Amino acid sequence: MAQTTPNHTQTVSGWAAHDTSGKITPYIFKRRENGVNDVTIEILYCGICHTDLHQVRNDWGITMYPIVPGHEITGLITKVGSNVKGFKVGDKVGVGCLAASCLDCEFCNSSQENYCDQVQFTYNGIFWDGSITYGGYSKMLVADHRYVVHIPENLAMDAAAPLLCAGITVFCPMKDNNLVGGAMGKKVGIVGLGGLGHVAVKFAKAFGHHVTVISTSPSKQNEAKARLGADDFIVSTDDQQMQQARRSLDFILDTVSANHSLGPILQLLKVNGTLVFVGAPEKPIELPSFPLIFGKRVVKGSMIGGMRETQEMMDICGKHNITCDIEVIRPDNINEAMDRLVRNDVRYRFVIDIAGNSSN
């Protein structure tokens with residue numbers, strides 16, 4: 001393991017954290033040369049994910065400093081390797097969480113690279129050459145083309161960036177539960193109206209379902225219904241509202257990363273209903289048995305998708321003109337944005353204007 005190898009000859013400017021304070025500062029580092037299977041990408045925008053916050057502060061105890069975060073990357077291809085098919089210079093592309101996998105296990109062979117035992121991530125991972133991966137808080141990226149997707153021409157590159165993580169995270173459980181291109185008119189609940197939840201509402205409505213937002217914040221009701229198109233809104237701390245909605249939903253997607261009990265939420269599911277959990281609370285979730293037993297309900301987890309699913313999601317977003325609601329910031333405002341993210345003070349995703357193209 002090393003920060004660079006002899007093949008890392010390209011000098012790149014970016015932004016990195018160097019210790020557990022998580023403070024982001026300008027950082028000059030090296031990237032590898034463009035290989036036969038690689039594309040070089042001029043990064044235009046990079047979303048800020050809650051994972052970035054955990055990683056820069058080493059909340060999970062796995063951070064390798066210095067760390068250049070960022071796995072919601074959009075940009076333009078400037079170079080392609082000789083083995084690369086399907087990409088050309090000038091293409092609008094995106095890079096999400098994945099940088100490498102074994103390419104030969106059952107999961108890689110079934111386009112589920114994200115579950116490969118040897119999967120490595122876009123930052124804070126170990127690439128095939130033994131070097132540490134650096135993410136999208138930087139001017140340029142070299143990526144294996146097998147982990148790159150096309151961005152539809154009609155989608156804005158800044159608002160499309162969070163789709164590479166937040167978008168695919170909520171798309172996959174919907175697809176797995178036959179809510180994408182399957183039966184329409186299902187009763188779908190979305191717990192939490194943040195970076196993931198607001199995209200989930202957009203997806204579920206585009207796929208023809210009746211959407212109920214479940215939130216602890218009554219103040220979000222107007223935004224959920226008037227702006228995002230949700231059909232109903234339940235304040236989860238209101239016992240009367242929760243009781244009235246018992247056994248009313250076919251499917252619930254829980255996007256909340258704060259510690260909370262799943263018991264009351266499970267009561268909202270019909271018999272044989274499914275709850276999929278995509279949040280990542282710091283402590284183990286509370287899962288009482290009775291709501292499971294007396295409702296024959298299922299609780300599942302889900303993460304990002306494989307590359308085929310990610311491209312499918314992007315194409316669907318192009319078809320329905322789905323992007324994320326964002327606040328664009330300059331690189332010198334990253335630390336301020338991180339502090340606001342801790343307070344959930346963003347509607348709904350920060351995106352860094354890496355190339356300085358935005359007037360926001």
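The structure is a predicted model, in which local features need pLDDT of at least 70 and side-chain atom pairs count only at pLDDT 80 or more, while totals for chains, interfaces and linings use all residues. Residues are numbered from 1 along each chain as its sequence is written.

**Overall build**
- The chain has eleven helices and 17 strands, where helices (H or I, at least four residues) and strands (E, at least two) are DSSP runs numbered from the N terminus.
- Its radius of gyration is 20 Å, close to the 21 Å that the globule rule gives for 360 residues, so the chain is as compact as a globular protein of that length; the radius is taken over C-alpha atoms, and the rule is 2.2 Å times the number of residues to the power 0.38.
- The C-alpha trace spans about 65 × 40 × 40 Å along the principal axes of the chain.

**Burial and contacts**
- Of the 360 residues, 56% count as buried, meaning under 20% relative accessible area with a 1.4 Å probe, protein chains only.
- Among contacts (heavy atoms within 4.5 Å) with a separation of 6 or more, 67% come from residues 24 or more positions apart.

**Helices H4 and H10**
- Helix H4 (residues 166–176) and helix H10 (residues 307–320) pack at an angle of about 100°, with their axes 10 Å apart; axes are lines fitted to C-alpha atoms over the stretch in contact, and angles run from 0 to 180 degrees between N-to-C directions.
- H4 and H10 are therefore roughly perpendicular to each other, a label for angles of 65 to 115 degrees.
- Residues making this contact include Phe 171 of H4 and Met 313 of H10.

Terms used:
Heavy atoms only, no water. Parallel < 35°, antiparallel > 145°, perpendicular 65-115°, else oblique. Buried < 20%, exposed > 50% of the residue type's maximum accessible area, 1.4 Å probe, protein only.
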